[in-house]
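Keep the sequence and the 3D view open while reading.

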Number of protein chains: 2
Amino acid sequence: MIKNSDLEKENFNVWLIEDNLHFRRTINGLINQTPGMKCSNAFETCEEAISVLETEFPPQVILLDIGLPGMTGIEGIEKFKMLSPSTHILILTIYDDNEKVFDALCAGASGYLLKDSSPDKIIGAIEEVLSGGAPMSMQIAHKVLEIFSNLKPKKNDYGLTDRESEILKLMVSGLTKQLIADQLFLSFHTVNTHLKNIYVKLHVNTKSGAITKAFKENLI
Amino acid sequence: MIKNSDLEKENFNVWLIEDNLHFRRTINGLINQTPGMKCSNAFETCEEAISVLETEFPPQVILLDIGLPGMTGIEGIEKFKMLSPSTHILILTIYDDNEKVFDALCAGASGYLLKDSSPDKIIGAIEEVLSGGAPMSMQIAHKVLEIFSNLKPKKNDYGLTDRESEILKLMVSGLTKQLIADQLFLSFHTVNTHLKNIYVKLHVNTKSGAITKAFKENLI
DNA sequence: ATGACAATCGCACGTTCGTGGTATATTAAA
DNA sequence: TTTAATATACCACGAACGTGCGATTGTCAT
């Protein structure tokens, strides 16, 4: 292996995965024009990149599109992260919908840029990611916070009493009516009554339904 | 009300809540030196700001510290967002632990800066937030993505088959064994057998247990 | 071709659950 | 003081569940 020769030292290596030929060439050129950076590989699909990853050293950064033929970028992130956890993956795509953003970041992307970003921004983002940051386009950062604020849903209030909430928790934790009764030093019948009331308030009619609702609406 | 007089037009109004006198004066001066911005109020506590909010127009932006006497900044965010949903809240604090960041962003903050940010960064962040962005210090953005990638826990693999996962989903959605059978055009007995196998694989022995596990471990 | 696995189907028995009632004591609000 | 809400307790019956035993079929890799 004479891969990392003198010529390459201090050069950060970037791979590019992008199915659009024109865009691929543009970015490729952009990176190679930047001192200290090198785009050693540019692929059309994740599959190609993965096969090369078996024989070559992984790059510091992968610039990754999402809308790709075959394996999507999202799926790709997971593969790359498994094969080379230290490689930073920077999404560069046109998609700005919540789901794609959410999935990409959950999968382990280190940044998310939209394709309308200026060349400066793109190079700046690569540098930022290399120094431990998490570059995002303005709209994406905004979406991320939006996702966050929806994450903690305003506890839907079904008017459960304290006792009922307490029993719901124990129910979620997997206890039977009898065991809940034992735990709270109550009669089985009392727990039974509480459960009936909980079901009415949550509009369900099974333990399972109550548990599902408890999780979906953060009642736990 | 002659509040928004000619003098103020095109001036964005910023409030500052910060208990450290020195820092408060510094930031106050910084904002007022910036053309197009005005820091009309600087408070030591959220409580003071809230009381003033009852008589004055809310600002476009509130620069908010977290470590405050009395009501914490996190609690403050919720109050402010209730009283004036359109006001952007920009956290400016020394705290960079996951919990504070998570809570602040969940509560509806529009950005999160650390106090070691340069004056330029702070002013730039205010501008960014006003134009719909979500400014974050580099470390914070990184933490945010970190939180994201922990959000979707690596699907613990209990070796459920496709059929079993499918049935688990229906179970979570609240169906009884018989209804699951109907849905999938299977015999009741088949579903029963699948459930038995699911229970073994998930190490549970009730529907409720399976559902709880499905939620907690993201098997859905 | 043998074995491992997945998916399908069957029965029986005991346990737990869901639901229809009823009832009492305490507390807080009207 | 009456009313409403909460927490407590009891019973009975049918429905649903959990589990122990089977079984047949197809697929796929060794």
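## Strand pairing in chain A

Two strands pair if DSSP finds at least two bridges between them. The model is predicted.

Start with strand β1 of chain A, residues 12-17. β1(A) and strand β2 (residues 37-43) of chain A run parallel and share six bridges. One place to look is A:W15, whose bridge partner in β2(A) is A:N41. β1(A) is also joined to strand β3 (residues 61-64) of chain A, in the parallel sense, by four bridges. There, A:V14 stands opposite A:V61 of β3(A).

Is β1(A) largely enclosed or open? Five of its six residues are buried, so the rest of the structure largely encloses β1(A). Buried here means under 20% relative accessible area.

Together, β1(A), α1(A) and β2(A) make a right-handed β-α-β unit.

Chain A and chain B bury about 2800 Å² between them. Carbon and sulfur atoms account for 75% of that area. In chain A, the most area is lost to chain B by A:M138, A:L145 and A:F148, together 23% of what that side buries. Each chain brings 31 residues to the contact.

Polar links can be listed briefly. Between chain A and chain B there are zero salt bridges. Two residue pairs are in polar contact across the interface. On the side of chain A that touches chain B, α4 (98-107), α6 (138-151) and α10 (207-216) each supply at least two residues. α6(A) gives the most to that side, with nine residues.

Methods: Residues are numbered from 1 along each chain as its sequence is written. Chains are lettered from A and ligands numbered from 1 in the order in which they are written. This is a predicted model: local features need pLDDT of at least 70, side-chain atom pairs count only at pLDDT 80 or more; totals for chains, interfaces and linings use all residues. Side-chain values use heavy atoms; hydrogens and water are left out. Buried means under 20% relative accessible area, exposed over 50%, partly exposed in between (1.4 Å probe, protein chains only). A crossover is right-handed if, with the strands pointing away from the viewer, the path from the first strand over the helix to the second runs clockwise. Contact means heavy atoms within 4.5 Å. Buried area is the accessible area (1.4 Å probe) that two parts lose on being put together, summed over both. A salt bridge is a side-chain nitrogen of Lys or Arg within 4 Å of a carboxyl oxygen of Asp or Glu. A polar contact is a pair of N or O atoms within 3.5 Å; within protein, one must be able to donate a hydrogen and the other to accept it, and residues adjacent in sequence count only if both atoms are side-chain atoms.
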